[in-house]
Amino acid sequence: MLEARARNRTGGAIKALLNQAARTARVIRDGKEVEVPVAHVQKGDPLRVRPGERIPVDGVIVEGQSSVDESMITGESMPVTKVAGDKITGSTLNQTGSFLMRAERVGQETLLSQIVAMVASAQRSRAPIQRLADKISGYFVPVVIAIAALTFVCWAVFGPEPRFAYALVNAVAVLIIACPCALGLATPMSIMVGVGRGAREGILVKNAEALETLEKIDVVVVDKTGTLTEGKPRLVKIVTAQGLEENELLRIVASLEQRSEHPLAGAIVQGARERNLTIAEPELFESITGGGVVGRVQNRHVLIGTPRLLESKGIAGFESLKGEAEKLQNDGATVIFAAIDGKTAGILTVSDPIKQSTPEAIAEVHRLGLKIVMLTGDSQATAQAVAKKLKIDEVHAEVAPQDKYRETQKLRAAGHIVAMAGDGINDAPALAAADVGIAMGTGTDVAIESAGITLIEGDLRAIVKAIHLSRLVMRNIRQNLFFAFIYSARFPLLPTPCVSERPHNGDD
């Protein structure tokens with residue numbers, strides 16, 4: 001029954017993955033856009049993708065440019081600017097622009113289809129855990145049968161008449177008295193209590209196997225975005241030029257950025273709102289693709305973007321901020337330059353902050369003697385910066401979902417017992433491939449379905465609680481089995497008092 005339920009969950013995870021796929025595609029045929037089911041798209045077909053649509057299949061952009069949200073594949077919240085010649089992945093979300101693409105991988109060849117296949121394969125191939133009760137029973141049952149057989153032989157040879165009847169009765173008595181009922185109750189009782197206790201602590205255990213295996217892990221593999229970090233870009237720092245206050249710079253920049261659809265702009269606007277700043281309506285707004293934005297706010301000319309954009313517009317003074325900008329970028333942040341009325345006004349830093357609970361959680365995992373490995377699709381600079389702050393043992397950056405799956409398999413092949421913690425669709429194959437998958441409750445449904453344990457609050461400290469819970473439950477199971485075994489084993493070793501040593505007659 002438990003195996004059947006696990007297979008049902010496998011089907012649920014795969015269904016959730018397939019729900020992310022685009023249903024239709026706009027194919028260019030005879031100069032006209034024709035909307036067809038994605039299944040009818042063939043290699044080499046030219047496809048038009050409009051703003052807000054999901055990219056139908058894997059391919060390459062041949063005309064136009066846009067920002068693409070690839071978070072479902074890479075796990076990174078910040079969109080990526082795509083131009084002609086760049087490869088794009090099916091089922092990712094096109095945001096701001098319209099472009100023409102050429103289909104290169106369709107049907108079962110797309111990355112999403114490969115992820116579906118890996119999740120199914122990993123969950124099917126997960127070996128069942130041999131329970132401690134089964135191991136004990138493997139020795140206990142043959143021993144009891146042997147004692148019963150010996151009892152039969154002894155009564156049949158040395159017992160009173162009728163010897164066969166006494167031998168049969170006593171042999172059956174040994175089997176009945178030594179029946180390991182307590183052994184059967186020892187494990188499920190502890191599991192029921194442990195699972196209930198875990199639920200009260202925000203730890204949802206999908207099956208008992210995950211709880212048992214968690215006790216034995218020696219490596220914890222973690223994703224970065226949404227697991228170690230909050231998963232949402234936020235304004236984290238403002239550095240102003242001389243003569244300008246921080247809030248004033250933020251207010252002016254946010255006033256212009258509110259017209260932009262870029263997530264970095266959204267982070268700046270949200271930062272201004274958190275400080276309760278009054279955002280003005282821009283009088284002029286123009287987006288410079290791949291560079292930034294320019295406009296007018298309260299009769300002040302504002303330019304926001306990269307150093308290259310400022311240089312091309314003849315803005316001076318930004319060189320003095322380059323050192324600070326490089327330092328922030330080495331910490332994994334995105335730096336935006338701002339100029340007001342032809343002069344450099346300062347820089348704004350947008351980053352995906354590390355969760356406040358993460359450093360404490362990492363330290364606690366290390367205290368348990370476990371190794372921590374980070375697998376992330378983010379850049380090397382960002383990954384190394386986060387790893388250095390958190391003192392993570394091993395880092396693999398710029399990895400695709402299939403690479404996370406392979407790295408997890410490599411660790412298991414090396415003899416490690418691996419727990420994988422993640423929250424995105426891109427983590428689903430690795431979650432399913434690990435000995436124990438741990439999903440953040442704040443993550444995607446697919447990640448949760450692929451994992452054996454879910455942390456409701458998405459707090460990494462709950463991993464430590466889950467490990468402690470697993471160790472306590474398994475210790476209690478061993479105690480139960482020990483006493484159950486002693487209770488059952490003591491009876492066949494004692495003389496059987498169920499018969500007299502001489503035949504019964506009516507005078508007694």
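This is a predicted model: local features need pLDDT of at least 70, side-chain atom pairs count only at pLDDT 80 or more; totals for chains, interfaces and linings use all residues.
Q: What makes the pair of Phe152 and Phe164 edge-to-face?
A: The structure holds three aromatic pairs, and one of them joins Phe152 and Phe164, with 5.9 Å centre to centre and 90 degrees between the planes.

Q: Which parts does the pair of Phe152 and Phe164 tie together?
A: Phe152 lies in helix α4 (residues 132-158) and Phe164 in helix α5, so the pair links parts that are twelve residues apart in sequence.

Q: Why is Phe152 described as partly exposed?
A: Its relative accessible area is 26%, which falls between the limit for buried, under 20%, and that for exposed, over 50%, and therefore Phe152 is partly exposed.

Q: How do you know that the pair of Trp155 and Tyr166 is tilted?
A: The planes of Trp155 and Tyr166 stand 40 degrees apart, with 6.1 Å centre to centre; because stacked needs under 30 degrees and edge-to-face over 60, the pair is tilted. Trp155 lies in helix α4 and Tyr166 in helix α5, so this pair ties together parts eleven residues apart in sequence.

Q: Why does Ile176 count as exposed?
A: Ile176, found in helix α5 (residues 163-177), has 59% relative accessibility, and because the cut-off is over 50%, Ile176 counts as exposed. Together with Phe164, Leu168 and Val172, Ile176 forms a nonpolar surface patch with about 410 Å² of accessible area.

How values were computed: Residues are numbered from 1 along each chain as its sequence is written. Side-chain values use heavy atoms; hydrogens and water are left out. Patches are made of residues with over 30% relative accessible area and no salt bridge: like charges are joined within 9 Å, nonpolar side chains (Val, Leu, Ile, Met, Phe, Trp, Tyr) within 5 Å. Accessible areas come from the Shrake-Rupley method with a 1.4 Å probe; for residues, only the protein chains shown count as cover. A salt bridge is a side-chain nitrogen of Lys or Arg within 4 Å of a carboxyl oxygen of Asp or Glu. Helices (H or I, at least four residues) and strands (E, at least two) are DSSP runs, numbered from the N terminus. Buried means under 20% relative accessible area, exposed over 50%, partly exposed in between (1.4 Å probe, protein chains only). Rings of Phe, Tyr and Trp (its six-membered ring) pair if their centres lie within 6.5 Å; planes under 30 degrees apart count as stacked, over 60 as edge-to-face and the rest as tilted.
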